[in-house]
Amino acid sequence: MSILAQHKYPLSSRHHVRTCRSPSLRAHVYCAATTTTTTEPKSSPDRLVIEPQLNPSPTVITATAPNRPILNDPTLTSTWSHRAWVASGCTTVFISLAKATTGAAESQMWLEPILAGLVGYILADLGSGIYHWGIDNYGSASTPLFGTQIEGFQGHHKWPWTITRRQFANNLHALARAVTFTVLPLDLAFNDPVFHGFVAACSGCIMFSQQFHAWAHTTKSRLPPLVVALQDAGLLVSRSQHAAHHRPPYDNNYCIVSGVWNEFLDKQKVFEALEMVLFFKLGVRPRSWSDPGSDWTEQTQSPSQITAH
């Protein structure tokens with residue numbers, strides 16, 4: 001669910017002017033035609049533009065835009081508060097995992113906690129997709145409780161590369177805070193190893209889902225080999241699968257833990273059905289129903305070309 005977040009391929013345009021003659025009107029009509037050519041071979045559908053390449057001789061962009069990110073943006077760095085929340089979230093997950101492990105060892109009952117953990121892992125992916133769909137399509141920065149995350153995820157479509165610049169604790173702290181408040185009471189109230197097998201796997205995957213999301217935007221050469229192996233095995237959401245979410249019409253592949261639910265949810269049009277229900281009941285249109293405009297169009301300039309406004 002991925003969660004803080006925050007399209008598409010860089011194109012260069014060349015404008016040509018052609019002269020067209022109409023014999024009957026005996027007048028010159030000048031028609032402007034625009035063609036686009038890529039600066040590199042056509043991208044594979046499975047390829048996601050991850051991070052803009054730094055231009056060794058950058059040209060300063062003077063145009064401004066709301067909330068435009070800047071190079072070395074301090075809002076992308078981790079603070080001690082962020083680190084404290086991530087530490088507390090990890091602690092609650094580890095306590096739950098320890099209770100599951102010790103309980104299983106004492107009872108010699110390993111299968112049930114492992115299966116419960118598997119269920120938690122699978123449901124965490126579903127939860128990340130539902131949450132991602134909701135904050136991508138509804139609300140704004142002024143929405144109570146979720147406004148910051150909504151602004152971050154909706155802005156992520158315009159500046160997807162910022163997630164790879166966001167430091168670890170900065171990226172995870174909001175989810176870690178939610179996990180802390182949810183899991184800590186469960187750690188104190190229950191000791192059942194099966195229950196904690198589920199809680200540890202589900203909460204851990206939810207808390208780290210935003211990191212899995214960041215890895216899906218990172219070039220393969222910059223990823224640890226283990227992460228690449230897990231992505232290729234389908235255990236973590238892959239770069240190629242998440243690429244589809246950043247192409248028009250921007251209304252699919254919302255799940256960001258393993259992505260195992262994406263095909264089912266998209267083929268069965270689950271989110272489309274939910275959108276129709278909300279529209280007819282509340283009269284609220286999702287953002288994905290609108291023609292992609294500037295809010296959905298990826299801003300492809302290099303971070304070194306962006307200046308504060």
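Buried means under 20% relative accessible area, exposed means over 50%, and partly exposed lies in between (1.4 Å probe, protein chains only).

This is a predicted model, in which local features need pLDDT of at least 70, side-chain atom pairs count only at pLDDT 80 or more, and totals for chains, interfaces and linings use all residues. Residues are numbered from 1 along each chain as its sequence is written, and side-chain values use heavy atoms, leaving out hydrogens and water.

**The overall picture**

- The protein has 10 helices and two strands; helices (H or I, at least four residues) and strands (E, at least two) are DSSP runs, numbered from the N terminus.
- Along the sequence, the order of these elements is β-β-α-α-α-α-α-α-α-α-α-α.
- Of the 309 residues in the protein, 41% are buried.
- The protein exposes about 16,700 Å², with 63% of it supplied by carbon and sulfur atoms; such areas come from the Shrake-Rupley method with a 1.4 Å probe, and for residues only the protein chains shown count as cover.

**Helix H6**

- H6 has 24 residues and reaches 32 Å from its first C-alpha to its last.
- That span is close to the 34 Å expected at 1.5 Å a residue, where the expected span is 1.5 Å times one less than the number of residues.
- A kink of about 45° in H6 is centred on Ser209; the bend at a residue is the angle between axes fitted to the seven residues ending there and the seven starting there.
- Because 17 of its 24 residues are buried, H6 is largely enclosed by the rest of the structure.
- At the start of H6, a side-chain oxygen of Asp192 comes to within 3.1 Å of the backbone nitrogen of Val194.

**Two histidine pairs**

- His213 sits in helix H6 and is buried, with a relative accessible area of 0%.
- The side chains of His213 and His242 are joined by a polar contact of 3.1 Å.
- A polar contact is a pair of N or O atoms within 3.5 Å; within protein, one must be able to donate a hydrogen and the other to accept it, and residues adjacent in sequence count only if both atoms are side-chain atoms.
- His82, in helix H1, is buried as well, at a relative accessible area of 13%.
- The side chain of His82 makes a polar contact of 3.4 Å with the side chain of His173.
- Leaving aside its neighbours within four places in sequence, His82 is in contact with Thr77, Ala169, Asn170 and His173.

**Loops worth a visit**

- Leu76 is found in the loop between strand E2 (27–37) and H1, and is buried, with a relative accessible area of 9%.
- Leu76 and Asn171 are 95 residues apart in sequence and 8.0 Å apart in space, C-alpha to C-alpha.
- Contacts of Leu76, leaving aside neighbours within four places in sequence, are with Thr162, Arg165, Arg166, Gln167 and Asn170.
- Pro249 lies in the loop between helix H8 (239–243) and helix H9 (262–267), and a cis peptide bond with omega of about 10° joins Pro248 and Pro249.
- Asn253, also found in the loop between H8 and H9, has a positive phi of about 50° although it is not a glycine; at 11% relative accessibility, Asn253 counts as buried.
- Lys269, in the loop between H9 and helix H10 (270–282), has a positive phi of about 55° although it is not a glycine, and Lys269 is partly exposed, with a relative accessible area of 45%.

Methods:
Contact = heavy atoms within 4.5 Å.
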